[in-house]
Amino acid sequence: MSDTATAAPPKAKAEIRAKPPMTPRKLLRKTGFYAMVVVVAVYLVFPFYWAVNSSLKSEGQLAMTPATFIPRSPTDGSISFFTRNYEDVFADTQFQRAIINSIIVAVTVTLLALAIGSFAAFALGKLRFPGKTVALYTILSMTMFPQIAILTGLYAIIRSVGLTPRPSMILTYLIFSLPFTVWVLTSFFRTLPGDLLQAAQVDGATSFQAFRLILLPLTAPALVTTGLLAFIGAWNEYLFALTFTTINPDDRTIPVAIALFTGQQTMQDPFGQIMAAAVLVTIPLLVLVLIFQRRIIGGLAGAVKG
Amino acid sequence: MQTVEEESVPEIEVADAKPVKRLRKDDDLLGAERRLAYMLVAPTFILMLAIMIYPFGQVFYASMTDRVFASAQETSFVGLDNYRELLSLTVKTLGDEVDENGNPVIDEETGEVVKERPIDVLPREPRYREAFTFGFFGTDVVIGATDRDFIRSVWDTSLFTVAAVILETLLGLGIALLLNGAFVGRGAMRALMLVPWAVPTAVSSRMWEYMFSSTRSGLFNVLGQNFFGTDGQTAWLANPSLQLPAAIAIDVWKTTPFMALLMLAGLQLIPDELYEAARVDGANRWRQLTSVTLPLLKPTIAVALVFRTLDSLRVFDLFQIVFGQNRFTMASKTYYDLIDNQLMGYSSASSVVIFLLLTVFAIIYIRTLGVSTDE
């Protein structure tokens, strides 16, 4: 029994182990293991659950002490959900505008970064040219460049040129998304077999044709992953967005809108509405991330390992 | 173009005694490849020059001026004055307060000797303010700074970084080890780990801000009252000694899963045979961890560590949203100097300081990581 188990790959091991009746010791260990897994799972999800819970409460329900783990009526304690927060958020024109701004900015940045970055990444990953090592080091150090260090310079330039917030954000987000895209795509290109390219050249294709007809289709999955990561980075960006939209609230993106959300009626922060807005903007992101989870994990690991 | 190629052929001919015909073809190909490479790389570098290098040059220059936006005052070159104001520190000890006759003043209520106030011992010109006061071997020491908010922000950012990164690494490692084996629900757990990572920091900050409410409408006060016997009125975000722990808790939630995912990826690279061998040699689980897993995971941990350190040192979103101007990090201090006070020159100087600090870590990072060029 143990001989087969040691020789088999990990997945098979678990199957074999599951067959014989469990000894109390094993059962205990397994229970302990799953208990820890549950603790971790609760820790990961609970804050988000709490936001959902709070978003379904009225002002009165939010003011209830102690706070309830499920929205309950203040009078009789029965479970009651309050959906007005979501209606209010949907009706809020500033929030609508923020969503449109975020989509325009994040999509444009992603497409630009992929278009410009894939060229550079192809050269860095597959072509031989003097100065390549220096170029790679430069890109790597650019991925680590602290954005705060150029905030004042960018702010001054944008003020003097009179650039409006949206183009300013698009241009400046490339500061972090472009080096990141180049870095991740370079490592993807490098894993592709070089013979393919030579074969294409022998067949009379130019390097650019080889890139467009052979390598680009092969790297489509990598482009999707990198694009998604670049998109999330741009979607969540806060520092530049906050700085460039100080003058005009109409140009705010979602993170800024949520950070500065004040609601329409009350003077106090309307946390029910803030949580509803928070849940609304996070859900599409979560869906996207869960669909592409395997690729994202691979992409993130690749980005750090180089 | 044409002439350059033809000129380069004979040179190589001399150096290398390969057949001429073959050489010309190879060289053409190589030259074409080189030209294509430069053409492909150029847009990225030109763009980065325009949006990163040029603005940074501006920052560097502005840091040596007293430029203020929306001001009638003319900008002039001030050399290193901004840096001097940012970084000047002085250390003084607080002696006993004495009255006109030179006798120590005694507090009438407590009967203790009254200490001098920091404002009395710190230099006035230029004006130093109290940044920290602490007891050191029985003496009261005060550290004064010309810009105490900046000095405090450097200290707070460092403290935040060290605590958050250590916690995230340990927790991340623990979670990665827990989830590394094969078990039912493994895929679901991996998916869940992406939840905190995907939530925008602005959103997670406000979510936690609400959980940290100072009344029992906040989760932590409910938990505190039910399980730890507090009065349920803890001002988590207003009490200065609780602010940093709260910020660390928020950051740990957001980034630990990311650390765990990186370490999981690292764990997958360790071949099973090594564990078999260790088991055959009679190593128990702990020995396997310390002599197989950790040494092999070291490169992954090192990279993740420095990567996270860089990120934490420039933390902005969390502090700006949760604390505003009540508690600064280096980045949020710079932001408020620029936007609220319009101090272009002064905030540029703190930008440069942050840049230099981070560069030190970035160099460590690149050295740990290295660049492989496959050549």
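Tutor: Helices (H or I, at least four residues) and strands (E, at least two) are runs assigned by DSSP and numbered from the N terminus. In this structure, helix α15 (residues 271-291) of chain A holds A:Met275. The model is predicted, so local features need pLDDT of at least 70 and side-chain atom pairs count only at pLDDT 80 or more, while totals for chains, interfaces and linings use all residues. Residues are numbered from 1 along each chain as its sequence is written, chains are lettered from A and ligands numbered from 1 in the order in which they are written, and side-chain values use heavy atoms, with hydrogens and water left out.

Student: Is A:Met275 buried or exposed?

Tutor: Buried means under 20% relative accessible area, exposed over 50%, and partly exposed in between (1.4 Å probe, protein chains only). A:Met275 counts as buried because its relative accessibility is 1%.

Student: Which residues is A:Met275 in contact with, leaving aside its neighbours within four places in sequence?

Tutor: Contact means heavy atoms within 4.5 Å. With those neighbours set aside, A:Met275 is in contact with A:Ala51, A:Ser54, A:Ser55, B:Arg206, B:Met207 and B:Tyr210. The C-alpha atoms of A:Met275 and A:Asn53 are separated by 8.7 Å, and these residues are 222 residues apart along the chain.

Student: How is the meeting of chain B and chain A to be described?

Tutor: The size of an interface is often given as the accessible area lost when the parts come together. Buried area is that loss, with a 1.4 Å probe, summed over both parts. Chain B and chain A bury about 9200 Å² between them, 77% of it on carbon and sulfur atoms. In chain B, the residues that lose the most area to chain A are B:Glu33, B:Arg206 and B:Tyr210, together 8% of what that side buries. In terms of contact, 98 residues of chain B meet 103 residues of chain A.

Student: How many salt bridges are counted between chain B and chain A?

Tutor: A salt bridge is a side-chain nitrogen of Lys or Arg within 4 Å of a carboxyl oxygen of Asp or Glu. The count between chain B and chain A is one. B:Glu33 forms a salt bridge with A:Arg128, and their closest N and O atoms are 3.2 Å apart.

Student: Which residues touch the most other members of the largest nonpolar core?

Tutor: A nonpolar core is a set of buried Ala, Val, Leu, Ile, Met, Phe, Trp, Tyr and Cys residues joined through side-chain atoms within 4.5 Å. Among the 185 residues of the largest one, A:Phe122, A:Tyr173 and B:Trp197 touch the most other members. Helix α9 (residues 240-268) of chain B supplies the largest share of this core, 15 residues.

Conventions: Buried area = accessible area lost by both parts, 1.4 Å probe.
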